[in-house]
Amino acid sequence: MKKIVFFTIVMIIAYHAVVFELLLNEFSPLPASLVWILSLVLSWWVGHEFGHFSKALWVLGLSFVVAGILSYVLIGYYMKETLQFVVQTLTMKAVSVSLLLFFTATVMSAFFGFMFKPRQ
Amino acid sequence: MLSLVKRVNLPKIVFWIALTLVVMNYTAGVFVYRNYARKLSSAKALCTIRFEDGSIFGKIVVEGFEGLKIHPVDYQIYFYDRRGNVLKMVSSSMFNRPEAEFVTSAWTGYEQKDWHTEGYSNVSVEWLWLKINLYIPLEVRFE
């Protein structure tokens, strides 16, 4: 149970960081692709840590939903003074496609982590 | 023994490094964005205009970019009549200076106050690794 809570928090951070990386790409020091790879490393770890993949999938699904709501709320808070050029570079379509792709990628990464886990 | 310990801990170390990098990148991104938005929203371009003996004396001051490196590029000021026709247009380069002045002749009948004015200034702004060109509306004041 403790493990599930810990990895749910880790994946909430990962998803939330990716959403904000899409929005704040030019403001953060690391490139968006590197953040994606780092978050995939984290989800690999989720798959690696659980004995059943169903648990990993629960963690990913739950944290994806929570991070989505959290990001939605926080965008309103952080971007009160929205800069016009940020809005121009940000299209809803690109964000949703990237997110869907990213969710699938994390699930796959976690599954690979689960698959290549050494078993006694 | 040492290699065994290393093999056990390596994935965990990679995991913690990834988590730290993600968190730090996120924090830095939000911090930089918030500061940048605050600094840019306090920036403005002021234009004071004085009419004297059929001439227009104007002064443009770009200010409020505290801590940012700015290169004012140019400005344009339009004087429109009631119907939206351009009575006079003033534009010039600012040569990276935050202040500029101009003197030009006024159109006939400027004493009747049935005209309005609008203006813009292009400023290129640099901060850390960020570089943008801003299009700031001039706040016009009359003396």
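Helices (H or I, at least four residues) and strands (E, at least two) are taken here as DSSP runs, numbered from the N terminus. In these terms B:L128 belongs to the loop that joins β6 (115-127) to β7 (130-142) in chain B. The coordinates discussed below are those of a predicted model.

## Confidence

The model as a whole scores ipTM 0.77 and pTM 0.72. For chain B the average pLDDT is 83, and 94% of the residues score at least 70. Among the elements of that chain, the lowest mean pLDDT, 81, belongs to α1(B), while strand β3 (residues 69-81) has the highest, 87. Where pLDDT is low, predicted coordinates should not be read in detail.

## Chain A

Chain A contains five helices and zero strands, so that its elements, read from the N terminus, follow the order α-α-α-α-α. Of its 120 residues, 43% are buried. Among the contacts in chain A between residues at least 6 apart in sequence, 83% join residues at least 24 apart.

A salt bridge within this chain pairs A:K3 with A:E49, and the closest N and O atoms are 3.9 Å apart. Because A:K3 lies in helix α1 of chain A and A:E49 in helix α2 of chain A, the pair ties together parts that are 46 residues apart in sequence. A:K3 itself has a relative accessible area of 37% and is therefore partly exposed.

Helix α3 of chain A includes A:S54. This serine has a relative accessibility of 45%, so A:S54 counts as partly exposed. Between the C-alpha atoms of A:S54 and A:L42, which are twelve residues apart along the chain, the separation is 17 Å.

## The interface between chains A and B

At the interface, 31 residues of chain A are in contact with 24 residues of chain B. The area buried between the two chains is about 2500 Å², and carbon and sulfur atoms give 78% of it. There are zero salt bridges between chain A and chain B, but three residue pairs are in polar contact across the interface, both residues of each pair being at pLDDT 80 or more.

On the side of chain A that touches chain B, the elements giving two or more residues are α1 (2-23), α2 (32-49), α3 (53-78) and α4 (84-89). The largest share, nine residues, comes from α1(A). By class, this side of chain A has 23 nonpolar, four polar and four charged residues.

## Salt bridges

Over all chains, the structure holds three salt bridges.

| Residue pair | N to O distance |
|---|---|
| A:K3 and A:E49 | 3.9 Å |
| B:R50 and B:E52 | 2.5 Å |
| B:K59 and B:E99 | 3.7 Å |

In chain B, the side chains of B:K59 and B:E99 form one of these salt bridges. This pair links distant parts of the chain, with B:K59 in strand β2 (residues 55-63) and B:E99 in strand β5 (residues 99-105), 40 residues apart. B:K59 has a relative accessibility of 32% and so counts as partly exposed. B:E99, with a relative accessible area of 43%, is also partly exposed.

The other salt bridge in chain B joins the side chains of B:R50 and B:E52. The relative accessible area of B:R50 is 31%, which makes B:R50 partly exposed. B:E52 likewise counts as partly exposed, at 34% relative accessibility.

## Individual residues of chain B

B:N35 is located in helix α1 (residues 2-41) of chain B. Its relative accessibility of 14% lies under the 20% limit, and B:N35 therefore counts as buried. The side chain of B:N35 makes a polar contact of 2.9 Å with the side chain of B:R38.

Two residues have a positive phi without being glycine: B:N96, at about 65°, and B:L128, near 50°. B:N96 occupies the loop between β4 (86-93) and β5 of chain B, and its relative accessibility of 48% means that B:N96 counts as partly exposed. B:L128, in the loop between β6 and β7, has a relative accessibility of 57%, which is over the 50% limit, so B:L128 counts as exposed.

Notes: Residues numbered from 1 in each chain as written. Chains lettered and ligands numbered in written order. Heavy atoms only, no water. Buried < 20%, exposed > 50% of the residue type's maximum accessible area, 1.4 Å probe, protein only. Polar contact = N/O pair within 3.5 Å; in protein donor to acceptor, adjacent residues only side chain to side chain. Contact = heavy atoms within 4.5 Å. Buried area = accessible area lost by both parts, 1.4 Å probe. Salt bridge = Lys/Arg side-chain N within 4 Å of Asp/Glu carboxyl O. Nonpolar A, V, L, I, M, F, W, Y, C, P; charged D, E, K, R; others polar. pLDDT = per-residue confidence, 0-100.
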